[in-house]
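Please read the points alongside the coordinates.

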Amino acid sequence: MITSGLRAADPVMIAENLYRFYHAGDEEVLALQGVSLTVSKGEVVAVAGPSGSGKSTLLACLGGLDDPDGGTVRIDGTRMSRQPEAIRARLRREVVGILYQSSNLLPHLSVIDNLELVRRLAGSTTGIDPTQLLDELGIGHRAHALPAHLSGGEAARAGVAVAVVNEPRVLLADEPTGELDSGSEKRLLALLRQRATEGLAVVVASHSPVVLRWADRVLHLADGRPVHGLTREAS
Ligand SMILES: Nc1ncnc2c1ncn2[C@@H]1O[C@H](COP(=O)(O)OP(=O)(O)OP(=O)(O)O)[C@@H](O)[C@H]1O
């Protein structure tokens with residue numbers, strides 16, 4: 001078994017020995033080859049590596065958007081992998097928040113209506129008040145704007161709001177700062193760090209050196225495998 005070597009106390013997400021193969025005609029792509037990762041409550045882990053190294057595939061498997069061909073993903077002790085899609089969809093709604101580089105907002109709904117929809121889909125009646133959340137993220141005044149009318153930084157913050165409104169246990173962010181200027185990147189990372197200090201476990205796939213320095217730990221991938229020499233442990 002190849003592991004990342006990353007281990008932590010009070011784990012929220014435990015991924016063990018993940019494998020993912022894709023087939024394109026006669027070609028077999030080994031997108032993940034024995035990746036393990038444990039993420040604790042309040043911890044921020046970055047996943048780094050060159051293009052095609054498996055970062056997005058890993059995040060998709062961690063969040064139940066994709067199912068690994070081998071290995072197991074557990075969140076709060078509940079198995080996410082090798083479950084029927086209906087169960088994975090429920091777990092995704094209840095315990096996972098997902099933040100994409102491209103917006104996770106529906107374009108024809110205002111920001112606040114996007115949040116209300118996400119809450120309704122999860123059957124949330126308690127938890128975070130959407131208006132309060134937008135105020136907290138500094139975009140309360142943009143609640144009724146359509147996503148296309150937001151600036152890049154506002155759209156990124158609205159994306160965070162959508163990802164955390166159901167109070168997930170784990171936030172998975174795939175290149176969340178890829179399209180942001182450095183000021184907006186710093187503000188977004190500060191928001192994510194704030195959520196982490198409140199107990200959220202955060203996994204961010206990124207090429208950005210700023211993100212890699214900001215993370216508590218970094219898992220480096222190459223060709224779907226962890227690179228031990230580069231992987232930065234918690235200090
Ligand atoms: N649906 C798919 N079908 C076939 N191959 C795929 C599929 N998804 C990913 N791959 C392949 O799996 C490998 C890992 O891809 P992945 O998108 O996870 O890499 P990445 O590190 O996120 O890359 P990038 O930084 O460019 O986003 C690549 O070789 C990619 O071409």
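1. For the packing described below, two residues are taken to be in contact if their C-beta atoms, placed from the backbone, lie within 7 Å. The model is a predicted one.

2. The buried residues of helix H6 pack against strand E3 (44-48), helix H5 (152-164), strand E7 (170-174), strand E8 (201-205) and helix H7 (209-214). The residues of H6 that are buried are Glu185, Leu188, Leu189, Leu192 and Arg195. Down the helix axis, the buried residues of H6 fall within an arc of 115 degrees, so they line one face of the helix.

3. Gly183, Ala190 and Thr197 are exposed, and they are carried on the face of H6 turned away from its buried side.

4. Helix H6 comprises 16 residues (residues 182-197), which should span 22 Å at 1.5 Å a residue; the end C-alpha atoms are 22 Å apart, in agreement with that expectation. Gly199, which follows H6, has a positive phi, near 115 degrees.

5. As to the ligand, the residues surrounding it are Tyr22, Ala24, Val29, Ala31, Gly49, Ser51, Gly52, Ser53, Gly54, Lys55, Ser56 and Thr57. By class, this shell consists of 4 nonpolar, 7 polar and 1 charged residues.

6. Which elements each supply at least two residues of the shell around the ligand? They are strand E1 (11-24), strand E2 (27-40) and helix H1 (55-62). The largest share of the shell, 3 residues, comes from H1.

How values were computed. Residues numbered from 1 in each chain as written. Predicted model: local features only at pLDDT ≥ 70, side-chain atom pairs only at ≥ 80, totals over all residues. Near = placed C-beta within 6 Å. Helix = DSSP H or I, 4+ residues; strand = E, 2+ residues; numbered from the N terminus. Nonpolar A, V, L, I, M, F, W, Y, C, P; charged D, E, K, R; others polar. Expected span 1.5 Å × (residues − 1). Buried ≥ 20, exposed ≤ 12 C-beta atoms within 10 Å, placed from the backbone. Arc of directions from axis to C-beta.
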